[in-house]
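The sequence and structure are shown below for reference.

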Amino acid sequence: MKRFLFSLGFLYMVLSLHADSIFYINHTQQLTLQFPSEIKYVDVGSPQIEVRQLSDARSLTVRAKHENTNNSTLSVVTSNGKYYLYTLAYCHQLPFLGYRVEKGPLPSSIIGIGQEKTTHFMAPFPIADWSVGSDSVIAAYADGIQNMVRVKASHSYQQEGSIVLVGHNGSIHTYRLQHSDSLPQLLVQLTDSVSSQALFLSNPVDINSLQELGQQVLQQPYMMNHLGVVDHNMQFAVVGIYSYEDWLLFRLQIHNRNNIDYDIDFIKGYIVDKKGSKHTALQETEITPFYTYCSDSIARTLPAQHLQERVLFFQRFTLPKQRKLTFELFEKNGGRHLSFPVSSKELLKAKKWTP
């Protein structure tokens, strides 16, 4: 009887598989898969393939780390109990960038982006998440605006890149990106039927009060000197973390020790899984400050042999032990990019701020 029940269970599992399905991946574009229900388990067969679950919990992106990666497998279990099994094969030109499981491929437009000009993707709804498929593309939320993402090429490239954007309404939008300094597309509306307007992050706090608090933070002695990175004769570090009401304040220091000015393009903060086993699906969530105070009136350019400090105001959050906060600094039209992690343990050392 037990054997019979086991055989029935095994037969049901085999019939539930999508073992004959093949998805194509490469190292400059990512494939986005959206499942009918929440993803509960992900396993990828090769450490040469990156998998990231998006914030809608039903979607994930898949990308090869290197060119001509060997075939592998992708296994997914969703909250409705279904088990999906796919073969992943490398292909230099992906037939599609997005796929709704059990429904079919998503359309993808081609967008030109450049190094000298910024392309903005704008939606009529808040953008919950985004992800780029190439190291040649950088992206970030537009400061203080929840339905706009800005995108640039970090350097010239020949092969197509990609970006996927996820709306709070669960919609998925994928785009092929081509390097085009001569004719970049400067504004991309995620939907053709609705003309989008900027949706500003709610901020009931008086700006003057935030400026005053930022000034006070920068007058304090340094709390720490071990959280940061030194590279390219640049120093990028957190020298203070403060808790005040429902906020977390990070005091960032950027020191340009070169004889060449440093043009700041992006400063990003995001939460990501700590490096686990080779089969772990990394989940990355960008966090956006609702206000930034800068010590320097020329906030975008850091002159040679100059130090600049910023106070980033975030809504209060904590980190589970298996996750970490990462800060990244990007140079405009340059290669001096820096990043460093902040652990949950360090975050809990935040000093209570008393004005």
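How many helices and how many strands does the protein have?

## Overall composition

The model is a predicted one. The protein contains three helices and 28 strands. Of its 355 residues, 50% count as buried.

The accessible surface comes to about 17500 Å², and 51% of this area belongs to carbon and sulfur atoms. Among contacts between residues at least 6 apart in sequence, 67% join residues at least 24 apart.

In soluble globular proteins, nonpolar side chains tend to be buried together. The largest nonpolar core here holds 26 residues, and the members that touch the most others are Phe236, Val238, Ile241, Phe250, Phe317, Leu325 and Phe327. Two or more residues of this core come from each of strands E19 (234–244), E20 (247–256), E21 (262–273), E25 (306–315), E26 (323–331) and E27 (338–343). Another core, of 21 residues, lies apart from it and includes Val51, Ala64, Tyr86 and Phe96.

What does phenylalanine 236 contact, once its neighbours within four places in sequence are left aside? Its partners are Gly228, Val229, Leu252, Gln253, Ile254, Ile267, Phe327, Glu328, Leu329, Leu338 and Phe340.

## Glutamate 331

Glutamate 331 is located in strand E26. Is this residue buried or exposed? Its relative accessible area is 8%, so glutamate 331 is classed as buried, the cut-off being under 20%.

The side chain of glutamate 331 makes a polar contact of 2.6 Å with the side chain of arginine 336. With residues up to four places away in sequence not counted, glutamate 331 touches Asp261, Tyr262, Asp263, Asp265, Arg336 and His337.

Strands of a sheet pair through backbone hydrogen bonds, either parallel or antiparallel.

Serine 75 has leucine 85, in E7, as its bridge partner.

## Strand E2 and its partners

Strand E2 (residues 31–34) directs Leu31 and Leu33 one way and Thr32 and Gln34 the other way, and all are buried. Which strands pair with E2, and in what sense? Strand E5 (residues 59–64) runs antiparallel to E2 and is joined to it by four bridges, with threonine 32 opposite threonine 61. Strand E8 (residues 98–100) pairs with E2 in the parallel sense over three bridges, and leucine 33 has tyrosine 99 of E8 as its bridge partner.

## The sheet from E10 to E12

An open sheet of four strands has the order E10-E16-E15-E12, again with mixed pairing. Strands E10 (108–113) and E12 (127–132) each have a single partner strand, so one side of each is left without a neighbour in the sheet.

Strand E12 and strand E15 (residues 161–167) run antiparallel, joined by five bridges. In this pairing, isoleucine 127 stands opposite glycine 167 of E15.

How values were computed. Residues are numbered from 1 along each chain as its sequence is written. This is a predicted model: local features need pLDDT of at least 70, side-chain atom pairs count only at pLDDT 80 or more; totals for chains, interfaces and linings use all residues. Side-chain values use heavy atoms; hydrogens and water are left out. Buried means under 20% relative accessible area, exposed over 50%, partly exposed in between (1.4 Å probe, protein chains only). Contact means heavy atoms within 4.5 Å. Accessible areas come from the Shrake-Rupley method with a 1.4 Å probe; for residues, only the protein chains shown count as cover. A nonpolar core is a set of buried Ala, Val, Leu, Ile, Met, Phe, Trp, Tyr and Cys residues joined through side-chain atoms within 4.5 Å. A polar contact is a pair of N or O atoms within 3.5 Å; within protein, one must be able to donate a hydrogen and the other to accept it, and residues adjacent in sequence count only if both atoms are side-chain atoms. Two strands pair if DSSP finds at least two bridges between them.
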